[in-house]
Amino acid sequence: MLSVLGIVVAIVGLGFLILAHEFGHFIVAKATGMRVEEFSLGFGRYLVSRRVGETVYGISALPLGGYVRVTGMHKEEFEARVAEARHEESAFHEKTTSRPQDPEDRLAGPRALTAEEIAATPLEQRYYAHPFWHKVLFIVAGVAMNMLVAFLIIYGVGLAQGESLTSTVIEKVEEGTPAAAAGVRPGDRLVGVAGEVTDDWEDVRTQILTHPGETVTVAVQRAGATVTLTADIQEREDGTGYLGVQPAVEHRDLGTLAAFGYSGRTTGSMVLLIFKGIGMMFSGQVPVTGSQGLAGPVGIIQLSSEAFEGGYYLMLLALISVNLAILNMLPLLPLDGGHVLFSIIERIRGRSVSLRVFERISMVGLLLFVILFIVATSNDIGRVFGG
């Protein structure tokens, strides 16, 4: 049973990660002299907003992300704004609804500033007029901020709680389990499972979880020699594998400098874990649908609430932050990685990609994400109502 406090903490945590991501874009835009029109948590129309200087800050109706809107992201659209502000032709206003538009702008909702004010923006404050490195820095700043947040969270946890080192040495073998039947003993060091070398416990765990119902080899170091055993991995109700061993765990306190090393190693491990998970999804080793498939917002909140109750929420929040960073750098529009790719393409071509082309490619990306969102939400519903 999820607690109300756990759910609230989970929602606040996700909001904080979104805020951190958008703040990364924001500070780089300000530092490089770009005009920031809006800074929003959520998409769509504002629920509450306030203008400070040249920027409108607000919380919007659709709580599925956020955005920082800078002036002149696309030169064509800016020029259309200029034409609109000058009222060049009365017929022009009838055409503006069908002109190409960045799909992200459609998702974000109507602009808070008037066309006249946008058109008056000096050239040096428009995004398209900035050098290539300014643009790329602005785009990747959100991802960098998510990675920094994850690093700092893990650093704080390491400093406060120390480090628990999970080894591949077996501390306990459960009775009546595949491990006991195979002859695994306490004190054995697992060096290989299912033909794969296991350098750390995460490797061991991955091999066990992904071979349910299979007969595999289990290599252990015992009394200075390598012994190869055969185990029938049990399949649990959730479809994952089960061997029946508990690893030895060693705890040590961390000082200020040691915590940096711990945070760096742990953040790196999270990055590798996420890439490994993505690869396993593409290879079919782990499912995309079902109780073990993709998690949507509801599933993430459920997992976060459980983690809060279990006392490991901050580490999960760091993992989610790393996950957001990596997924945002996939080379697909409208993700940050897609914008970086298009910035590179425009740099090589020496001219901008037309807004019409940009719109069409972005719509393909948005359609893909809508499909993934539906799949993930369906998985969430199955998890909630299926227990």
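This note goes through a predicted model point by point, from overall confidence to local backbone geometry.

1. Overall build. The protein has 387 residues, and buried residues make up 42% of them. The chain forms 13 helices and ten strands. Along the principal axes, its C-alpha atoms fill a box of roughly 85 × 45 × 40 Å. Among contacts with a separation of 6 or more, 67% are between residues 24 or more positions apart.

2. Confidence. The mean pLDDT is 89, and 94% of the residues score at least 70. Helix 6 (residues 132-161) has the highest confidence, at 97. Helix 3 (residues 92-95) has the lowest, at a mean of 46.

3. Residues 88-97 have a pLDDT below 50. Beyond near neighbours in sequence, this stretch has six contacts in the model. Where pLDDT is low, predicted coordinates should not be read in detail.

4. Helix 1. This helix covers residues 4-32, 29 residues in total. From first C-alpha to last it reaches 42 Å, close to the 42 Å expected at 1.5 Å a residue. Gly33 follows helix 1, and the phi of Gly33 is positive, near 90 degrees.

5. Helix 2. Residues 75-86 make up this helix of twelve residues. Its C-alpha span is 17 Å, close to the expected 16 Å. The buried residues of helix 2 are Glu77, Phe78, Ala80, Arg81, Val82, Ala83 and Ala85.

6. Arg81. This arginine belongs to helix 2. Is Arg81 buried or exposed? Its relative accessible area is 15%, so Arg81 counts as buried, the cut-off being under 20%. Phe385 is 304 residues away along the chain, and the two C-alpha atoms are separated by 49 Å.

7. The second largest pocket. Its volume is about 420 Å³. The lining has 22 residues. Which of them lie nearest the centre of the pocket? They are Tyr127, Tyr128, Lys135, Glu346 and Ser352.

8. Where the lining comes from. Helix 12 (336-349) gives the largest share, five residues. Helix 2, helix 6, helix 12 and helix 13 (355-386) each supply at least two. By class, ten lining residues are nonpolar, six are polar and six are charged.

9. A cis peptide. Most peptide bonds are trans. The bond joining Leu333 and Pro334 is cis, with omega about 10 degrees. Pro334 sits in the loop between helix 11 (313-328) and helix 12.

10. Ala194. Most residues other than glycine have a negative phi. Ala194 has a positive phi, near 60 degrees. This alanine lies in the loop between strand 4 (189-193) and strand 5 (196-197). Its relative accessibility is 24%, so Ala194 counts as partly exposed.

11. Ala223. Here too phi is positive in a residue other than glycine, near 55 degrees. Ala223 is placed in the loop between strand 6 (215-222) and strand 7 (225-232). With a relative accessible area of 85%, Ala223 is exposed, since the cut-off is over 50%.

Note on methods:
Residues numbered from 1 in each chain as written. Predicted model: local features only at pLDDT ≥ 70, side-chain atom pairs only at ≥ 80, totals over all residues. Heavy atoms only, no water. pLDDT = per-residue confidence, 0-100. Helix = DSSP H or I, 4+ residues; strand = E, 2+ residues; numbered from the N terminus. Contact = heavy atoms within 4.5 Å. Expected span 1.5 Å × (residues − 1). Buried < 20%, exposed > 50% of the residue type's maximum accessible area, 1.4 Å probe, protein only. 1 Å grid on protein atoms, 1.4 Å probe; cavity = no way out; pocket = protein on both sides within 12 Å on 5 of 7 lines; lining within 4 Å. Points joined across faces, edges and corners; volume = space filled by probe spheres on them. Nonpolar A, V, L, I, M, F, W, Y, C, P; charged D, E, K, R; others polar.
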